[in-house]
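Trainee: I'd like to learn how to read a structure like this one. Could you walk me through a few features?

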Amino acid sequence: MTPFEGRELTCVRGERRVFAGLSFALPPGGALILTGPNGSGKSSLLRLMAGLLRPAAGQLVWDGQDIRADREAHRARLHYVGHLDAIKPVLSAAENLAYWADQSDAPAAAVAEALDRLDLAWLGDVAGRLLSAGQRRRLALARLLVRKAELWLLDEPTVGLDDDSLARFHDVLAGHRASGGRAVVATHTPIDLAGAEPLALETFAGSALSELAPW
């Protein structure tokens with residue numbers, strides 16, 4: 001199977017080229033670690049990969065086909081977990097995850113399994129508004145387990161996680177990659193993923209459009 005590729009990508013937000021000339025290749029089982037200071041484009045690149053933004057230039061290709069050729073197929077093959085947890089405060093942890101499972105047509109047993117994998121089963125009846133920041137983050141990550149998707153796009157997934165939760169996350173991610181899944185992780189903090197390729201966004205930094213030649 002051929003890689004998920006970015007080819008000479010340019011991202012423009014407002015009056016600034018966030019990055020330009022960025023390329024990558026992500027094979028089955030592979031992982032990319034996106035690093036860089038605030039504003040370097042880590043979240044923007046994840047949104048491009050998810051098909052939520054269009055590149056100003058360049059192309060995103062899955063197995064040789066531009067992802068825009070079949071947007072529904074691309075959405076179906078990915079999970080995107082942003083830096084906001086998107087937990088409904090009045091629903092319990094289990095109800096939050098069950099809602100996501102219903103939207104994904106996942107089997108009911110997947111909810112209990114996901115809660116257990118991320119040590120949330122004992123919090124299943126607790127309302128989302130009463131969960132700690134780390135517990136909310138684990139609940140957001142539990143969504144990855146209720147429906148299989150080949151590509152995981154994760155924005156600061158380890159924020160708020162303690163050592164035990166971090167180990168559980170690494171185990172979940174390793175299992176995903178061992179089965180041929182791919183992952184892209186944007187992070188400010190060091191993260192140890194065996195065989196992952198680093199991608200430093202500041203290397204592709206852009207400038208104000210007025211400072212650059214027309215594109």
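Mentor: Let's start with burial: buried means under 20% relative accessible area, exposed over 50%, and partly exposed in between, with a 1.4 Å probe and protein chains only. Keep in mind that this is a predicted model, where local features need pLDDT of at least 70, side-chain atom pairs count only at pLDDT 80 or more, and totals for chains, interfaces and linings use all residues. Residues are numbered from 1 along each chain as its sequence is written, and side-chain values use heavy atoms, with hydrogens and water left out.

Trainee: Okay, is H176 buried or exposed?

Mentor: H176 counts as buried, because its relative accessibility is 7%. Across the chain, 46% of the 215 residues count as buried.

Trainee: Where does H176 lie?

Mentor: Helices are DSSP runs of H or I with at least four residues, strands are runs of E with at least two, and both are numbered from the N terminus. H176 lies in helix α6, which covers residues 163–178.

Trainee: And which residues does H176 touch?

Mentor: A contact means heavy atoms within 4.5 Å. Leaving out residues up to four places away in sequence, H176 touches A149, E150, W152, G181 and R182.

Trainee: Let's do sheets. What is the strand order in the open sheet of 4 strands?

Mentor: Two strands pair if DSSP finds at least two bridges between them. The order here is β2-β1-β4-β5, with antiparallel pairing. The edge strands, β2 (16–26) and β5 (65–66), each pair on one side only. Inside the sheet, β1 (residues 4–13) and β4 (residues 57–62) pair over 5 bridges in the antiparallel sense, and T10 has A57 in β4 as its bridge partner.

Trainee: How many helices and strands are there in the chain?

Mentor: The chain has 6 helices and 9 strands.
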